[in-house]
Amino acid sequence: MKKVILGLSALCMVVFTSCKEDAASKVKSENVAVAAKRDANAGNFPVIALDKTTHDFGTIMDGTPVETVFNYTNTGNSMLVVSNIKSTCGCTVPNNWTKEVAPGESGQFTVKFNGKGNGKVSKSLTMTTNTEKGKEIVKITAMVQKDPNAPVQAAGKASINPLSTTKTSTQPGHEGHNHD
């Protein structure tokens with residue numbers, strides 16, 4: 001056992017004393033400058049301030065298209081990037097958004113809703129950003145009512161032909177199969 005410990009100790013001494021190069025001499029000064037700049041900006045995220053997080057269209061008739069504009073301001077110290085805006089369904093379409101907003105500047109996007117539905121309708125839109133949270137959520141709501149002037153669809157009529165006959169199988173495993 002003493003020989004094993006003595007052998008490991010000797011091996012460690014050889015390894016530690018053989019590395020005589022100075023590690024600090026291998027560091028490039030330009031990499032130090034880049035790392036210092038990166039570390040100075042770490043945690044310096046843009047901050048998005050929305051003029052509203054919910055827009056209520058009020059009461060609208062079914063099928064009436066409506067739209068609104070959401071405005072936002074970058075109150076942070078670095079460039080705000082809005083890379084995507086997605087809706088929960090195809091009836092709500094975000095478009096024309098400002099993709100890059102400098103600190104202190106403002107941007108906007110338009111939301112178009114096709115007005116389809118019945119009763120209270122609520123849709124969410126998710127903004128993908130480079131903020132600390134990474135996303136912001138805004139909502140639109142509306143009370144959608146049936147148009148009183150819309151044509152009423154008549155109920156369908158079913159007819160049964162008593163002269164029509166269908167043969168069915170009585171063999172096991174063939175239940176429900178028609179054999180004309």
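Guide: What follows covers a disulfide and a sheet in a predicted model.

Visitor: How many disulfides does a search of the whole structure find?
Guide: The search finds 1 disulfide. Cysteine 89 and cysteine 91 form this disulfide, and their sulfur atoms are 2.4 Å apart.

Visitor: Is that disulfide left-handed or right-handed, and why?
Guide: The disulfide is left-handed, because the torsion about the S-S bond of cysteine 89 and cysteine 91 is about -50 degrees.

Visitor: And cysteine 91, buried or exposed?
Guide: Cysteine 91 is buried: its relative accessible area is 15%, and the cut-off for buried is under 20%.

Visitor: What about cysteine 89?
Guide: Cysteine 89 has a relative accessibility of 25%, so it counts as partly exposed.

Visitor: Switching to the sheet. In what order do the strands come?
Guide: The order is S1-S3-S7-S5, with 4 strands in an open sheet and antiparallel pairing. At the edges stand strand S1 (48–50) and strand S5 (92–95). Each has a single partner strand, so one side of each has no neighbour in the sheet.

Visitor: By how many degrees are neighbouring strands turned against each other?
Guide: On average by 30 degrees in this sheet, direction ignored.

Visitor: Back to S1. How many bridges join S1 to strand S3?
Guide: There are 3 bridges between S1 and strand S3 (residues 66–74), and the two run antiparallel.

Visitor: Which residue in S3 is the bridge partner of alanine 49?
Guide: Threonine 73 is the bridge partner of alanine 49.

Notes: Residues are numbered from 1 along each chain as its sequence is written. This is a predicted model: local features need pLDDT of at least 70, side-chain atom pairs count only at pLDDT 80 or more; totals for chains, interfaces and linings use all residues. Side-chain values use heavy atoms; hydrogens and water are left out. A disulfide is a pair of cysteine sulfur atoms within 2.5 Å. Buried means under 20% relative accessible area, exposed over 50%, partly exposed in between (1.4 Å probe, protein chains only). Two strands pair if DSSP finds at least two bridges between them. Axes are lines fitted to C-alpha atoms, for helices over the stretch in contact, and angles run from 0 to 180 degrees between N-to-C directions.
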